[in-house]
Amino acid sequence: MTEQPDNSWKTRISDIFNQAKTKISQISNIQQWFTVSDSQIAEILTTIRAELPTTEALLIGKPQTGKSSIVRGLTGVSAEIVGQGFRPHTQNTQRYFYPSSDLPLLVFTDTVGLGDISQETDTLIQELINDLQTETNRARVFILTVKINDFATDTLRQIITKLRQQFPNIPCLLVVTSLHEIYPQAIENHPDYPPDFTELNRAFTEIKENFAGLYNNAVLIDFTLEEDGYDPIFYGLESLKNNLAELLPQAESKAIYQLLDQQFSEKLGNIYRDAGRRYMLTFSMMAATLAAVPLPFATMPVLTALQVSMVGLLGKLYGQTLTLSQAGGIVSTIAGGFIAQAIARELIKFIPGFGTVIAVSWAGAYTWALGETACVYFGDLMGGKIPDPQKIQNVMEEAFNEATERFKHMKNE
């Protein structure tokens, strides 16, 4: 009698494959299972707004007087992103919201319509008056910017005079900029602050006299770009910060200090991340469950789809609407060298029993770490910063190591 081939192993693999297909079918509609509703996002934003006050800084000055540099100095955002972040507000003003328009801790209103034509000046003044008459809970401050070597300031004086007459309770900080333009010829870098040069002191005194009675405090700063070669880049930043703190209510000045010390970014990030973790845990547990299928590579497509869906969901939480393709690109950016580990994870399933246990812990921890890192990535974008690849990889590695231990304990409980 001819011996029939033993197909039991084929049957077992077929059963496992069918189970995997069923799970894939169930997960294919994952985005319908988990959504972040508008009401949930509104609830999160309301919580944050209640804790963090908003300050509006009205930048009154000619073009090229360092207004955008002041925004860079107070927020830590790059020059490129600051340039892209200003949006038209009225005919002659633009606004920059930090960290976002949904959650503005600092609002910079920039006057872009300053000119020598009387009609344009009157229009600008009226726009600012109308805007300032709008009821708001924001603390406000005028930041009047003047270059150290610019004495053609009649139009600027006219504007700030009318604004101060109309709104005497809004403090005004006179900020004199571009100091290096009148340094002595032999001076190649910033001196110790404050600078003490005869020509500079004379110019500063003359500018203060020209705006006498129109400002509360005056400060010297020189904010440059790295390529300009001056060190520090934000020369006089501490003095600017101290003067703003003097003029603003305590809560608002504290918020500015928090910005400069990165405390705000961390606090804001924690609130958003806590909301995201509600979803990350569920996705991580589902990933671990799928990874238990002991067929190498059978679960990789569905795990990838699961993780891409999670990143898309977290993106929405942070105000980033992504297509599946865009979310997948972010996963690739964040994952880095972990992709190679994903392949190794699948191959280890060839080791009966032992391999599957490792794969389960790895999949859960990896998915959790991906979510944690995505929160940092989106948080940087929300704050107007370009995500630092090295920082992202460090966060991914640290989060993965912590999550690995957590999933090991969960497995043993």
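Visitor: Which exposed residues does the face of α8 turned away from its buried side carry?

Guide: That face carries Thr198 and Glu209, where exposed means over 50% relative accessible area, buried under 20% and partly exposed in between, with a 1.4 Å probe and protein chains only. Before going on, note that this is a predicted model, in which local features need pLDDT of at least 70, side-chain atom pairs count only at pLDDT 80 or more, and totals for chains, interfaces and linings use all residues. Residues are numbered from 1 along each chain as its sequence is written, and side-chain values use heavy atoms, leaving out hydrogens and water.

Visitor: And which residues are buried in α8?

Guide: Leu200, Ala203, Phe204 and Ile207 are buried there. Seen down the axis of α8, the buried residues fall within an arc of 100°, so they line one face of the helix; the arc is that of the directions from the helix axis to the C-beta atoms.

Visitor: What covers them?

Guide: The cover includes β5 (139-147), β6 (172-177) and β7 (217-220), with contact meaning heavy atoms within 4.5 Å. Helices (H or I, at least four residues) and strands (E, at least two) are DSSP runs, numbered from the N terminus.

Visitor: Switching topic, how do the axes of α4 and α9 cross?

Guide: The axes of α4 (residues 67-75) and α9 (residues 237-247) come within 11 Å and cross at roughly 85°; axes are lines fitted to C-alpha atoms, for helices over the stretch in contact, and angles run from 0 to 180 degrees between N-to-C directions. That makes α4 roughly perpendicular to α9, given that angles under 35 degrees count as roughly parallel, over 145 as roughly antiparallel, 65 to 115 as roughly perpendicular and the rest as oblique.

Visitor: Which residues make that contact?

Guide: Ile70, Gly73 and Leu74 of α4 meet Leu237, Leu240 and Leu244 of α9.

Visitor: What about Ile330, buried or exposed?

Guide: Ile330, which lies in helix α13 (residues 324-335), is buried, with a relative accessible area of 8%. Not counting residues up to four places away in sequence, Ile330 touches Val311, Leu322, Tyr377 and Phe378.

Visitor: What pLDDT does the protein average?

Guide: The average is 75, and 67% of the residues score at least 70, pLDDT being the predictor's confidence in each residue, from 0 to 100. Over residues 1-21 the pLDDT is below 50, and this stretch has six contacts in the model beyond near neighbours in sequence. Where pLDDT is low, the predicted coordinates should not be read in detail.
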